[in-house]
Amino acid sequence: MVAVNPLAKQLGAARSRFYWHFRDRAELLQAALHEWEKERTDATITIVLEQPDPRERLRTLITMAFADSTEAGADITLTAHASDPIVGPVLARVIGRRIDFLCRCFEDLGFGAESRTRAVIAYSAFAGWLQLSYSVPDFATAALSV
C-alpha cells in the first residue's frame with residue numbers, strides 16, 4: 001500500500017528526505033489516515049451540521065457522499081487493507097463515526113429504534129456505490145444522472 005522507496009521516486013525526492021519528515025512508514029501512514037479522516041469525515045459532518053432542518057441535514061449528507069466518485073479509490077484501498085494493524089483500527093473508527101452520525105440523522109427525523117438499522121443500511125449502500133464507482137465508474141455516473 002505505502003512503500004517509502006517508490007513514493008520517494010514518484011515524488012522525485014531522495015529517500016533520506018522522507019525521514020526528515022517521518023520517523024518511519026508507520027508514521028507516514030498514520031499522518032495520511034489522519035488527513036483522510038479529517039477531509040472525508042470531519043469536514044463532511046461539519047458542513048452537514050450547519051443545516052438546521054433534519055431533512056436538509058440528511059439530504060446534504062447524501063448529496064455530498066454520492067457527489068464525488070473521485071475519492072472512492074482511497075476508501076476502497078483502505079477497506080482492502082482493513083487487516084493492516086495501522087489501517088484497521090482507523091478504518092473501524094471512521095466507519096463507526098460515519099454510522100453513528102447517520103444514526104443521529106435518522107433519530108433527528110424521529111425514527112427512534114429503527115435509526116441504527118437505517119444507518120447501517122444507508123452506509124452499506126454508500127460502500128457499495130464506492131465500490132461500483134471505483135470498479136465500473138460509468139455505471140455509477142449513469143445511475144446518479146437519472
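**Ring pairs and salt bridges in a predicted model**

Arg116 is partly exposed, its relative accessible area being 40%.

Arg116 forms a salt bridge with Asp100, and their closest N and O atoms are 2.8 Å apart. Since Arg116 belongs to helix H7 and Asp100 to helix H6, the pair ties together parts that lie 16 residues apart in sequence.

Let me turn to another of them. Arg98 and Asp75 form a salt bridge in which the closest N and O atoms are 2.9 Å apart. Here the partners sit in helix H6, in the case of Arg98, and in helix H5 (residues 72-80), in the case of Asp75, so parts 23 residues apart in sequence are tied together. Are these two residues buried or exposed? Both Arg98 and Asp75 are buried.

A further salt bridge joins Asp108 to Arg57, with 3.0 Å between the closest N and O atoms. This pair links distant parts of the chain: Asp108 is in helix H6 (residues 87-108) and Arg57 is in helix H4, 51 residues apart. Asp108 is partly exposed, with a relative accessible area of 38%, whereas Arg57 counts as buried because its relative accessibility is 11%, under the limit of 20%.

Salt bridges can also share partners. Which residues do they join into one network? The members are Glu37, Asp42, Arg93 and Arg97.

I now move to the aromatic rings. A pair of such rings is described by the distance of the centres and the angle of the planes. The count of aromatic pairs in this model comes to 4. Phe126 counts as buried, at 9% relative accessibility.

Phe106 and Phe111 also form an edge-to-face pair, with centres 5.9 Å apart and planes at 75 degrees. Phe106 is buried, with a relative accessible area of 10%, while Phe111 is partly exposed, at 28%.

Finally, ring pairs link Phe66 and Phe126 with Tyr123 and Trp129 into a cluster.

Conventions
Residues numbered from 1 in each chain as written. Predicted model: local features only at pLDDT ≥ 70, side-chain atom pairs only at ≥ 80, totals over all residues. Heavy atoms only, no water. Phe/Tyr/Trp six-rings, centres within 6.5 Å; stacked < 30°, edge-to-face > 60°. Buried < 20%, exposed > 50% of the residue type's maximum accessible area, 1.4 Å probe, protein only. Salt bridge = Lys/Arg side-chain N within 4 Å of Asp/Glu carboxyl O. Helix = DSSP H or I, 4+ residues; strand = E, 2+ residues; numbered from the N terminus.
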